[in-house]
Amino acid sequence: MAELGSKGVTAGKIASNVQKKLTRAQEKVLQKLGKADETKDEQFEQCVQNFNKQLSEGTRLQKDLRTYLASVKAMHEASKKLTECLQEVYEPDWPGRDDTNKIAENNDLLWTDFHQKLVDQALLTMDTYLGQFPDIKSRIAKRGRKLVDYDSARHHFEALQTAKKKDETKIAKAEEELVKAQKVFEEMNIDLQEELPSLWNSRVGFYVNTFQSIAGLEENFHKEMSKLNQNLHDVLLGLDKQYSGNAFPIKAQPRKKTKLFARLRKKMSRYRDSTPAKANKSPSPPPDGSPITSPETKTVNHELEPSTLEAPGASIPKSPSQPTEAAHAGAEAAGSEAAAGAEASKTEGDSGSSSLPAVVVETFPATVNGTVEGGASSERADMPPGFLFKVQAMHDYTATDSDELQLKAGDVVLVIPFENPEEQDEGWLMGVKESDWIQHKELDQCRGVFPENFTERVQ
């Protein structure tokens, strides 16, 4: 009998819950259609909005904190692998081997301690903070359902009171249900009205404590890690002094581009040397009496651009406003034609006739790595055209090509832009040694490229 009674109670609860859901659904439909009024509490609704925002921010903070901890753990593993590698390559007879082992051990302990303290003082606190939200969120939802029950009971009571045929028994029962629904709703509403503002205000103190803890732990960690790094630096410095004769040579970054620039400049130098020293002197006529085509030049701030070399017989641009893009686009083709023109000139010279190629000079903006620098204000009288800044050679550099500068440690180089930025290789600069510039004031024979990592900027 008890079992049947228990089943009967369960069935009754199920039926009651189903009936409540149907009543609530009907009430919400009537409210949306405007056929039934809805109890509003704007102050509480603002509290709910704040609650949802606080929950969203806390969830994001928790996610980012877990990502941060995962990164710390990954860095710990990477640092551990690195120190293990150092221990393996550090030979037993080298000075400071015991010190390197101790540094590696302390490094591992420091990372472990840092990670554990982050978990204890930040992540667990974060979990506790967010742990209170699910219960409050559930109570907010329940309060919403009880509010619908209250509105439904109120409307039912009002409907019975305004009915033409009144039933006092039903009215009394409806009034009793209304009082009960109102009491349940108000109890929940009062509790939440007190808790939600308090929870919202607590976020400030929580954020302060959380980020102060993280910042303090990071500060202490980096201080201790800095000491370990300094100790390791001193150990390696001692090793370097003992084996100073086996210093690792510094190498320049390889140049990836072809040597077209150097070849074209050599050809231009030959053409320039073959022209008269002064413009007012007339060249000697060729043996067969054929006319000579004089080279035409435009006055600019930089030396002759190799990419603008044109083959003999090519048309000579007359207008200074002609776009320089055409010259760039034809640079590679012009180089090939120039070589062919040189051979043709030689052949024609042997046969008794020749012509000189037209040389056109274009002005390009001062650039380093594609960035415009310098300008008219930097082109001072005591500096080469387009001067950008000074560097000093920190190591000797032996030139491996004719367009490279030979450097000695201590040499000061005046950096100037490439006439064509596309010819600049990564890690290389164009310049002229200050001593050569002071002595000759001439770029054609003095300038060249050099590796940037062999120098240090001084101005």
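I take buried to mean under 20% relative accessible area, exposed to mean over 50%, and partly exposed to be what lies in between. I also keep in mind that this is a predicted model.

Cys85, at 40%, is partly exposed. I then searched for disulfides and found zero in the structure.

**Salt bridges.** The structure holds 11 salt bridges, and I followed three of them. Arg60 pairs with Asp64, with the closest N and O atoms 3.7 Å apart; the two residues sit four apart in helix 2 (residues 42–89), so about one helical turn separates them. Of this pair, Arg60 is exposed at 63% relative accessibility, whereas Asp64 is partly exposed at 40%.

My next entry is the bridge between Asp127 and Arg66, whose closest N and O atoms are 3.4 Å apart. Because Asp127 belongs to helix 3 (residues 97–131) and Arg66 to helix 2, the pair ties together parts that are 61 residues apart in sequence. I noted Asp127 as partly exposed at 27%, and Arg66 as partly exposed at 44%.

In helix 4, Asp135 and Arg139 lie four residues apart, about one turn of the helix, and they form a salt bridge with the closest N and O atoms 3.8 Å apart. Through shared partners, salt bridges join Asp135, Arg139 and Glu195 into one network.

**Positive patch.** Lastly I looked at a positive surface patch formed by Lys28, Lys32, Lys142 and Arg145. Helix 1 (2–32) and helix 4 (133–161) each supply at least two of its residues. Lys142, in helix 4, is partly exposed at 38% relative accessibility.

Terms used:
Residues are numbered from 1 along each chain as its sequence is written. This is a predicted model: local features need pLDDT of at least 70, side-chain atom pairs count only at pLDDT 80 or more; totals for chains, interfaces and linings use all residues. Side-chain values use heavy atoms; hydrogens and water are left out. A disulfide is a pair of cysteine sulfur atoms within 2.5 Å. Buried means under 20% relative accessible area, exposed over 50%, partly exposed in between (1.4 Å probe, protein chains only). Patches are made of residues with over 30% relative accessible area and no salt bridge: like charges are joined within 9 Å, nonpolar side chains (Val, Leu, Ile, Met, Phe, Trp, Tyr) within 5 Å. Accessible areas come from the Shrake-Rupley method with a 1.4 Å probe; for residues, only the protein chains shown count as cover. A salt bridge is a side-chain nitrogen of Lys or Arg within 4 Å of a carboxyl oxygen of Asp or Glu. Lys and Arg count as positive and Asp and Glu as negative; His and the chain ends are not counted. The place of a charge is taken as NZ of Lys, CZ of Arg, CG of Asp or CD of Glu.
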